[in-house]
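Subject: Handover of a structure and notes on what was found in it

Dear colleague,

I am passing the structure below on to you, together with some notes. Please read the notes with the coordinates open beside them.

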Amino acid sequence: MSQLKQEVERRRIFGIISHPDAGKTTLTEKLLLHGGAIREAGTVKARKNSKHAKSDWMEIEKQRGISVTSSVMQFIYQDKVVSIMDTPGHNDFGEDTYRVLTSVDSAVMVIDAAKGIETQTKKLFQVCRMRGIPIFTFMNKLDRQAKDPLELMEELEEVLGMPSVAITWPIGSGMQFEGVYDRMKNEVHLFRGEKSTLQLSEDGVNDPVLADHLSEENLTNLRDEIDLLDGAGNEIDVEAIQSGKLTPVFFGTALVDFGVTAFLNHYLDMSPAPEARKSNVGPINPTSEDFSGFVFKIQANMNPAHRDRIAFVRICSGVFERGMDVTLTRTGKKIKLSQSTQLMANDRETVDQAFAGDVIGIYDSGTYQIGDTITTSKQKIAFEALPTFPPELFMRVSPINSLKSKHFHKGVEQLAQEGAIQVYRNEYNEIYLGAVGQLQFEVFEYRLNNEYGVDIRMEPVSYSVARWVKDKELKALKPFQDSRNMLVTDRWERPVFLFANEFTYERFAERHADDLTLVEALDVNEEIGTEE
Ligand code: G4P
């Protein structure tokens, strides 16, 4: 097997998602610890009081105790090179989270087993489903009183719109928590005492040895539940899991680091290695000789002392070597990749070589845009565009002190380029922001103030629907403006209509069906074409 093939096959890359406080940071720390990526994870409590988990580095995150931006961490476990893409964990997931999910090969969802599955997660699942990436579910905090596990599975299936299958199963919870049963390995990991593992006979949970270790109530429940799962539950079908049609479920407690190893081992066995990725010239195989990758995130001011920007690139094929020349497909420009970093939150390490399935950070002085493809291929490769999420929330924004307007415009431009928020202008040059989640506005306001020294005024406006217009010049659209819509341009100067609600949009679309094609999003790469 070629070295490249070997390297690709040992790579795994997942996005970790959860609602605030479900335990994402704690689980990440434990995974990193198992992989020896960080010497000392520290308990989460210590982190919250003094130092912060490696992935929480921006000021706003520290102040609010939430993770706003995403970072990437890598560790090696059982010879697999695993990258974890942290995603913002807040109630209204923003575009950032969705975009990260386009760069990974699988997702891990952490759920607080006492709270259950929250419905805002629906959209996240849709993004995973759209790309057919598998979702692994970790039901956390079993050391606390949890909901009935069968009920949790039911909720999960309802929100996910996908069947689930339990790989491990909890034995009690809270004060009565006694361990987890691994259905694939037919073993019980005991929580109490010296935390040993019991290999069961072919009788499975009916093995009499369990009576020596579990309470009568837990044992009866376990036998009933496993009987039910074996009889009426979904079968463990690895192929269905790998193609994102069935979600495997695990139980444990990240805080106590219990059930985490079982999860990690199964994850590594079942999760897909990097596969071919769609592009305008057909699927690009990860083991193809030519290097290629795409920018899925741009982050400015990661280190306030440096005032720099980093473009995060998911490598899709070939080998990256520091100093190599690549072409940026969108502009046709040649670029030397001399400064590249691999990111362990904000501790940077220079990386000399990386493979398909890795993420690298490259220094950016304003060259890259989200969705850009870079490659050493002679073909003009452009990877399938990242989905744009039509914003549903809008604000008018202006600097409080007009003397600061230059800084204001610079900040707006840079944050828009990062993809932190969408920016529109109307004919009076007023600036409107569009977001998918409310928190994007707060982050925007905070960052303009903190990084650009500008206080801003944000005024809610009564629009909630944005539609792009295909194949029409701005000038030709002016006659279509009326009191119930507003014509603006996005940051690529493409015309967009804003409407108060779905109803006004639909009326408008019907009325002008012969003249206008209105779409939810336009592909930034559309003009690149497929010729060599
Ligand atoms: P997040 O990144 O998803 O927001 O969650 P994070 O890991 O920060 O965990 C949120 C809280 O839940 C933390 O408590 C953490 O200790 C606790 N936690 C995480 N996993 C478990 C678990 O398996 N069992 C229990 N019982 N708790 C868990 P905190 O906010 O620091 O409060 P405190 O525990 O220090 O009072």
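Which residues of helix 7 are buried? This is a predicted model, in which local features need pLDDT of at least 70 and side-chain atom pairs count only at pLDDT 80 or more, while totals for chains, interfaces and linings use all residues. Residues are numbered from 1 along each chain as its sequence is written, and side-chain values use heavy atoms, with hydrogens and water left out.

To take the question up, the buried residues of helix 7 are P149, L152, M153, L156, V159 and L160, where buried stands for under 20% relative accessible area and exposed for over 50%, with partly exposed in between, using a 1.4 Å probe and protein chains only. They lie on the same side of helix 7, because they cover an arc of only 135 degrees around the axis, the arc being that of the directions from the helix axis to the C-beta atoms. The face turned away from this buried side carries the exposed residues E154 and E158. An α-helix has 3.6 residues a turn, so residues three or four places apart point the same way.

The 12 residues of helix 7 (residues 149–160) should span 16 Å at 1.5 Å a residue, and the end C-alpha atoms are 16 Å apart, which agrees; the expected span is 1.5 Å times one less than the number of residues. D148 caps the N-terminal end of helix 7 through a side-chain oxygen that lies 3.2 Å from the backbone nitrogen of L150, and helix 7 is followed by G161, whose phi is positive, near 65 degrees.

In helix 6 (residues 121–131), the buried residues are T121, L124, F125, V127 and C128. Seen down the axis of helix 6, these fall within an arc of 155 degrees, so they line one face of the helix. Helix 6 is followed by G132, which has a positive phi near 65 degrees.

Turning to the strands, 8 of the 8 residues of strand 1 (residues 11–18) are buried, so strand 1 is largely enclosed by the rest of the structure. Strand 1 runs parallel to strand 3 (residues 80–86), joined to it by 6 bridges, and pairs with strand 4 (residues 106–112) in the parallel sense over 5 bridges; two strands count as paired if DSSP finds at least two bridges between them. R12 stands opposite V82 in strand 3, whereas F14 stands opposite S106 in strand 4.

An open sheet of 4 strands has the order 7-8-9-10 with antiparallel pairing, and its edge strands, each of which pairs on one side only, are strand 7 (168–171) and strand 10 (197–199).

As for the ligand, 20 residues surround it, the closest being D21, T25, T26, D143 and T253, where a residue is counted if one of its heavy atoms lies within 4 Å. A nitrogen atom of the ligand is 2.8 Å from an N or O atom in the side chain of D143, and a polar side-chain atom of N140 lies 3.1 Å from an oxygen atom of the ligand.

With kind regards

Note on methods: Helices (H or I, at least four residues) and strands (E, at least two) are DSSP runs, numbered from the N terminus. A polar contact is a pair of N or O atoms within 3.5 Å; within protein, one must be able to donate a hydrogen and the other to accept it, and residues adjacent in sequence count only if both atoms are side-chain atoms.
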